[in-house]
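I opened this notebook to keep track of what I looked up, entry by entry, and of where each answer came from.

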Amino acid sequence: NSGDTLAAVKARGEVLCGVHPARHGFAAPDSQGKWSGFEVDFCHAVAAAIFGDASKVRFVALSSQQRFPAIQSGEVDVLARNVTATLSRDTALGLNFSPPIFYTGTGFLVRKDDGITKVEDLDGAAICMAPGSTTERNVAQIFAARGMKYTPVVIENNKQLVDAYVTGRCDALTKDKAALPGVRAVDTENPADHVLLPGIYSKEPLAMAVRQGDDQWYDLIKWVVYATFNAEEMGVGQANVDEMKASTDPDVQTLLGVIGDNGTKLGVGNTWAYDIVKQVGNYKDIYMRHFGPDSPVALDRDQNVLWTEGGLLYGLPMQ
Amino acid sequence: MSAADWLKRNLFSSVWQTLLTLVTAAVLLRFFWFVLDWGVINAVWVTSDPDVCRAATGACWAVIVEKHRPMLFGLYPYDEHWRLVLMMVIYLVTVVVSLMPRNWNLRFLVPLWLVAAVSIGVLMFGGVLGLRYVPTSEWGGLPLTMLLFTGTVLFGMPVAVLLALGRRAPLPVARGVSVVFIEALRGVPLITILFVAVNVFPLFLPAGVQVDKLLRITIGIAIFFACYQAEVIRGGLQAIPRGQYEAAASLSLTYWQTTSRIILPQALRICLPAITNHIIAAMKNTSFVIIIGLFDILTATTAVMQDPLWRKFYVEAYLFVAAVYLFFGYALSLYARKVEKWIASGRI
Amino acid sequence: MISLHNVSKWYGQFQVLCAVDLDVRKGERVVVCGPSGSGKSTLIRCINRLEVHQEGRIFVKGLEMTDNVKNIDAIRRNIGMVFQNFNLFPHLTVLENLTLGPMLTRHMKKADAEDLAMHFLRKVRIPEQARKYPLQLSGGQQQRVAIARSLCMEPEIMLFDEPTSALDPEMIKEVLDTMIELAESGMTMIVVTHEMGFARTVADNVVFMADGRMVESAPPEEFFGNPREERTRTFLDQILKH
Amino acid sequence: MISLHNVSKWYGQFQVLCAVDLDVRKGERVVVCGPSGSGKSTLIRCINRLEVHQEGRIFVKGLEMTDNVKNIDAIRRNIGMVFQNFNLFPHLTVLENLTLGPMLTRHMKKADAEDLAMHFLRKVRIPEQARKYPLQLSGGQQQRVAIARSLCMEPEIMLFDEPTSALDPEMIKEVLDTMIELAESGMTMIVVTHEMGFARTVADNVVFMADGRMVESAPPEEFFGNPREERTRTFLDQILKH
Amino acid sequence: MIDATPARDGQSSARRPKDLLYSEGFRAAAYQIALAAAVVFVGLFLYQNVVENLQRQNIATGFGFLREVSQFEIGETLISYSARDTYARALLVGLLNTLSVSAAGIVLATIIGFSVGIARVSNNWLLQRIATGYVEIVRNVPVILQVIFWAAVTRNLPAPRQALELWGLGFLSNRGLTFATPVADPAHGWMLLALVGGIVLAGIGDRWARRHREATGKHVDMLWPSLAVVIGLPLVVWLAFGAPHLISFPERKGFSFVGGYTISPEFVALMTGISLYASGFIAEIVRAGIEATPKGQVEAARSIALRPRFIMRYVVLPQALRVIVPPLTSQYVSLIKNSSIAVVVGYPDLVNIGNTVMNQTGQAVEAIAVMMTVYLIISVVTSLLMNTYNRLVAIKER
Ligand SMILES: Nc1ncnc2c1ncn2[C@@H]1O[C@H](COP(=O)(O)OP(=O)(O)OP(=O)(O)O)[C@@H](O)[C@H]1O
Ligand SMILES: Nc1ncnc2c1ncn2[C@@H]1O[C@H](COP(=O)(O)OP(=O)(O)OP(=O)(O)O)[C@@H](O)[C@H]1O
Ligand SMILES: [Mg+2]
Ligand SMILES: [Mg+2]
């Protein structure tokens with residue numbers, strides 16, 4: 001089993017990547033059907049590592065209900081679909097999680113003129129959420145802990161869900177906090193009428209997921225993620241990667257495949273990390289592309305900064 | 001009968017009837033006036049500015065003009081929409097041609113459908129002749145509805161016939177298998193079958209074997225359709241007098257010869273109206289794929305109605321989709337009525 | 001040609017045929033009569049294995065009728081059967097009704113089968129109806145088509161089960177005429193009928209059945225002139241008074 | 001008892017009855033015959049107002065048939081009607097079929113109604129079928145039940161619309177026998193039928209209709225022996241040759 | 001082969017072994033064994049694959065998860081439920097919601113369906129045309145489109161603050177239909193009892209009237225007395241309790257309303273969609289039922305001078321119901337099955353909850369099996385009841 005997936009992907013010539021059907025900032029097709037987003041770029045990174053060509057990905061849009069069966073049955077090779085890594089998913093679902101690529105928590109989007117400023121104001125509110133999400137559980141805990149009541153309105157279809165909030169059926173929309181700015185920016189008529197409640201009320205580490213039992217494939221995914229962290233840490237970005245190739249720093253040389261045979265160990269070409277940074281970018285490049293101040297879904301990096309800056313991103317050494 | 005007679009008999013035959021007529025006519029006129037006022041007089045037909053629509057008191061048909069492409073074609077790559085238009089033309093021509101009785105011979109129909117299927121496949125998938133490859137996960141809109149529907153009927157009808165024959169077969173095992181299969185599937189909602197097709201079916205396959213999701217869903221709907229249709233066909237089979245079997249036996253025809261030449265042609269003619277009803281139902285049922293996120297015309301429309309600027313005009317958009325279904329459903333039932341007439345007059 | 005030894009048949013508890021013996025030689029014409037429910041239909045349907053007998057043996061042209069598919073097939077090809085209510089295939093034209101058997105079981109070419117069909121349609125005197133559908137014909141015409149359909153299989157034996165009883169009086173004659181012609185051409189025939197005039201004219205032997213038993217079997221002169229059994233006499237009295 | 005003056009009726013453009021005159025005295029038995037579609041059924045259905053005539057006047061026992069509900073009700077109580085296809089209520093037992101009318105419209109006690117019903121069932125000779133459902137009976141038995149059902153209303157007049165034409169030959173006799181008995185008991189009857197034997201035996205008058213017109217009306221000896229009209233003769237030739 | 005008569009009384013098999021191949025009995029047996037083997041083989045193959053796949057990927061199996069704590073809330077519950085209850089209880093909540101929305105839908109569909117069906121056979125040409133148009137439209141637009149449409153309509157109702165007031169008795173807003181209800185009072189229980197008592201009394205009265213008629217021949221009209229006792233008895237009880245008339249009026253408070261009773265927009269949308277869709281089919285069934293009673297039946301009844309209402313009651317209705325009830329029931333079953341599209345609009349029915357459970361636990365096979373089994377049980381029970389009914393009312397034939 002080990003090695004099956006990589007061999008199959010190579011034979012197929014493209015990576016099958018399960019993504020969210022429409023989560024602005026993370027994954028969404030534009031009106032021309034071209035996918036873009038933070039998680040989409042991680043899929044591209046995987047393709048770049050394997051084929052040296054970031055475009056060799058096929059995106060499979062998955063509803064929250066379909067995402068786990070799709071990865072389990074092999075319909076997709078890797079899941080980059082706002083999956084919160086949890087113990088039960090790791091075990092009972094037969095998954096393995098990459099290092100988290102995005103740290104967030106449960107967030108609430110509310111209407112400004114309702115005068116809600118904190119979670120405590122939501123007592124008795126109707127709250128829209130997706131079924132079977134970790135958010136659904138977190139909300140139950142957040143409200144129970146404060147002795148408050150709410151009416152869940154649970155809708156699977158993401159369009160219908162957002163529609164229910166926007167039309168006023170719900171007082172609040174709850175999702176991963178990182179997903180809400182996208183909703184506000186794209187789906188509301190006037191984004192200024194809606195605010196995100198401050199504060200983070202739960203842990204939602206989003207990670208890529210693969211099937212259990214294929215260690216080689218799991219290793220590759222894991223190190224693709226670390227490569228983006230380490231590249232940022234070493235100051236190797238899309239803009240300067242070619243110059244950095246000439247760097248004498250052995251760590252940079254190892255990363256970019258100038259020396260060593262990390263690629264061979266992973267079962268891909270030795271310039272795999274170079275290809276990632278060159279074609280997709282390091283973590284910061286990817287983040288800024290989709291959540292930077294100029295993007296429609298601007299998001300502070302919060303904990304999503306390197307450990308060296310007090311954040312949670314910590315790439316293991318690539319020796 | 002003179003017009004006055006007719007009016008008297010059908011509308012004003014008694015005081016009570018007259019009253020009823022007047023009240024209904026009043027309500028009806030009011031309704032028509034509203035439709036006219038809202039749907040025609042004050043309607044906005046073409047504009048790309050939603051504010052123009054908002055200012056109007058009537059319908060905003062402009063939303064359909066403005067959004068027709070994502071509504072009709074879903075996620076399919078924008079620059080490749082011409083392929084879908086071409087596909088629909090080929091599809092409709094093929095269907096219309098094959099519905100005409102004078103074309104009913106296999107030597108013409110089989111090649112026709114093969115050619116149509118190949119060219120539709122080439123257009124939809126691409127990847128050859130310099131066409132860009134488009135995986136099934138990006139297919140959508142009306143073409144997807146058409147493909148689901150056609151797949152359902154083409155795959156479902158033979159299965160239905162087999163199940164119906166199985167249920168009437170002289171072999172108890174065949175009967176038992178068919179009965180359990182038919183009744184179990186008819187007892188559950190279509191949604192659960194779609195769930196199985198999407199979420200569970202892959203687990204039934206050996207490791208490494210993959211079946212395209214669209215194909216799985218089509219098969220799911222088709223089998224569901226087949227179970228209902230099998231019951232209809234069974235009704236037709238039961239209506240065939242025993243004498244027909246005996247006459248066939250005395251001509252020494254075999255079971256399959258009897259079935260295919262004598263019994264089925266008659267049974268299918270007998271239950272044609274019910275068969276048509278279920279075929280129309282199959283067309284409506286394709287809309288269930290919204291639940292599993294396939295981008296048929298209905299899903300595509302709900303997605304388009306997500307646009308905050310145009311969201312307000314959902315009534316117009318859904319009326320449009322309803323009209324599409326009504327159009328095809330009505331065309332099918334008109335055609336079926338015509339076929340019944342042909343059968344009655346011995347033309348076919 | 002045909003011989004039945006000791007044939008019995010039950011429907012559940014009810015015995016329809018009790019140890020029936022019958023021998024029909026080549027070219028012989030046998031008329032079977034008897035009260036309703038006496039087992040006449042069952043008898044001739046057993047010869048064609050439209051019903052399965054449970055005891056005794058049936059031979060047709062030397063072949064025994066068992067559950068051997070090959071034998072059944074061979075026997076059925078040699079036997080034509082005409083039913084009370086015609087059982088034509090309503091979805092096929094007259095011509096298609098006639099050519100179906102020859103094409104499918106005798107593997108004839110279409111053109112040959114149609115020639116053959118037209119030949120027999122002329123014989124039953126309705127060649128002009130070839131392109132019509134059965135339900136567009138009168139009962140008498142339908143029955144003649146049914147006869148022609150059997151003849152197209154060129155059988156050596158013809159079985160008739162009350163071929164005229166579903167017909168209006170005017171039409172009975174045309175069908176009986178056809179059957180008489182057929183008899184004169186030397187066909188082996190077993191006919192279940194109550195048309196005693198027909199029996200007198202063509203039968204070599206008249207068989208009387210009651211309660212599943214063969215009560216009497218005799219040439220027509222003897223059968224009508226001087227029946228041996230009491231049962232036969234009562235039956236004839238009833239039927240001829242009418 | 002019954003008299004029709006100049007009765008006419010149209011279905012749309014098509015005239016079914018053209019100025020029909022008819023007088024039936026108490027105890028008289030009239031047989032109506034004529035080709036199919038000549039308006040026989042329509043005629044007797046007008047007498048019971050199952051159809052509405054558009055011109056002319058109909059009197060039954062001195063009451064005129066208008067759209068007066070009371071009159072209609074009174075007249076219907078005096079008239080029993082037997083249909084070609086029996087029209088028994090299939091969801092009720094024979095006994096219930098018979099007692100329904102007496103109990104609901106004549107306000108009889110259940111016990112009395114059942115006694116009455118059994119009386120008439122005996123009269124039509126099937127008292128043993130009282131607890132069965134109509135569809136469990138043979139056609140002849142069903143028609144006799146239908147006659148009994150009408151009789152249970154103790155009408156003074158009985159109308160029969162081809163009471164035997166849906167029956168097998170063996171059953172015709174039993175129904176005709178019942179009707180003959182009824183005639184002998186002195187009931188006023190109008191019978192639409194093609195059973196000329198019956199007409200000869202019991203009719204006081206035979207009426208011949210064609211194209212909605214009453215062509216001839218005469219006592220049976222005269223009607224059969226020496227018909228006045230050419231139409232009648234042709235019709236009788238056809239029907240009696242049979 | 002005569003397939004209309006299975007060879008149940010086939011003769012003893014042929015005598016020589018070579019003949020065996022040609023024996024009808026042997027062939028039938030061989031086909032059966034082959035078919036059975038194929039079925040078993042395919043079944044085993046699929047089962048084997050599932051087991052292997054689950055094991056290889058280390059996916060949990062079995063129904064043990066039903067006893068685990070669900071950890072999610074449900075918006076509408078008929079029984080007490082919280083996030084601390086088990087998955088099994090969550091599914092039960094879903095099932096009850098399925099049943100309640102279906103029950104409401106069945107009532108609505110029946111009322112509309114019968115009205116339209118009767119209008120379809122009305123003598124009034126205009127009414128008949130309108131009914132026909134209605135039937136054609138509601139039957140031919142996919143039910144899911146109808147439900148989505150009504151969901152959009154309910155969502156686009158005004159917010160609670162601008163809610164439409166309904167004659168001071170309630171509000172219509174995008175939070176649903178909120179209406180005034182009497183404040184709970186011990187009298188209500190007794191009134192319910194009185195209502196049941198009234199219905200029983202009316203039934204007894206009807207039987208008495210029939211006996212009386214059978215015994216004396218006199219007809220007593222029980223329609224008005226029955227109505228009086230059914231309505232009157234609860235009224236008397238209400239008065240006896242001092243006519244408690246406190247009513248809980250809904251008021252705007254916080255995010256929506258307090259007081260009164262609220263039906264959620266999802267419930268309204270789902271119920272409206274599925275019941276309008278079903279009403280079209282029911283109308284056709286009713287029309288067919290009415291037209292199925294042969295004209296001769298009515299004529300025969302008229303000829304024994306039965307009055308129109310007796311003809312209706314004793315001749316037409318009993319026969320029409322036999323035709324109507326079986327297809328009507330299967331429409332009810334398909335309405336129940338259609339309620340599963342709740343998942344699109346977010347009404348917490350069995351499938352919606354099952355869907356959540358499936359996502360939470362990842363045990364798709366088991367969760368879907370639970371849903372299918374429940375619906376299968378509903379179908380099977382209904383068809384058993386229907387068979388019994390059919391047997392009871394079947395018109396006895398030869
Ligand atoms: N499939 C069956 N099951 C049970 N009994 C049957 C079956 N077919 C026929 N019978 C009975 O067997 C008896 C003989 O039937 P058969 O049809 O041979 O009589 P018949 O002499 O041809 O009468 P008829 O003149 O009415 O055609 C009848 O009593 C009939 O009721
Ligand atoms: N409801 C109707 N609408 C139009 N025409 C009708 C209707 N009922 C009967 N007719 C026509 O009226 C004519 C007389 O019908 P009627 O049933 O009285 O004939 P009949 O003499 O009883 O014939 P038969 O012997 O066939 O019963 C026929 O031509 C028939 O087609
Ligand atoms: Mg017979
Ligand atoms: Mg008539």
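The entries below turn to a ligand site in one chain and then to annotated segments in another.

Entry one. I was working with a predicted model, and I began by listing the residues around ligand 2, which are Tyr11(D), Phe14(D), Val16(D), Pro35(D), Ser36(D), Gly37(D), Ser38(D), Gly39(D), Lys40(D), Ser41(D), Thr42(D) and Glu162(D).

Entry two. I then looked up side-chain distances to oxygen atoms of ligand 2, and found a polar side-chain atom of Thr42(D) at 2.4 Å, one of Lys40(D) at 2.8 Å, and one of Glu162(D) at 3.0 Å. Ligand 2 taken alone exposes 640 Å², of which the protein buries 58%.

Entry three. Which elements give two or more residues to the shell around ligand 2? I noted strand 2 (14-24) and helix 1 (40-47) of chain D, and helix 1 of chain D gives the most, with 3 residues.

For chain B I consulted UniProt, where an unreviewed entry places the feature "transmembrane region" at several stretches, including residues 187-208 and 214-233. In the model, residues 214-233 of chain B are 100% helix and 0% strand, with the end C-alpha atoms 27 Å apart.

Conventions: Residues are numbered from 1 along each chain as its sequence is written. Chains are lettered from A and ligands numbered from 1 in the order in which they are written. This is a predicted model: local features need pLDDT of at least 70, side-chain atom pairs count only at pLDDT 80 or more; totals for chains, interfaces and linings use all residues. Side-chain values use heavy atoms; hydrogens and water are left out. A residue is near a molecule or strand if one of its heavy atoms lies within 4 Å of it. A polar contact is a pair of N or O atoms within 3.5 Å; within protein, one must be able to donate a hydrogen and the other to accept it, and residues adjacent in sequence count only if both atoms are side-chain atoms. Accessible areas come from the Shrake-Rupley method with a 1.4 Å probe; for residues, only the protein chains shown count as cover. Helices (H or I, at least four residues) and strands (E, at least two) are DSSP runs, numbered from the N terminus. UniProt positions are given in the numbering used here, feature names are shortened, and annotations may be inferred rather than shown by experiment.
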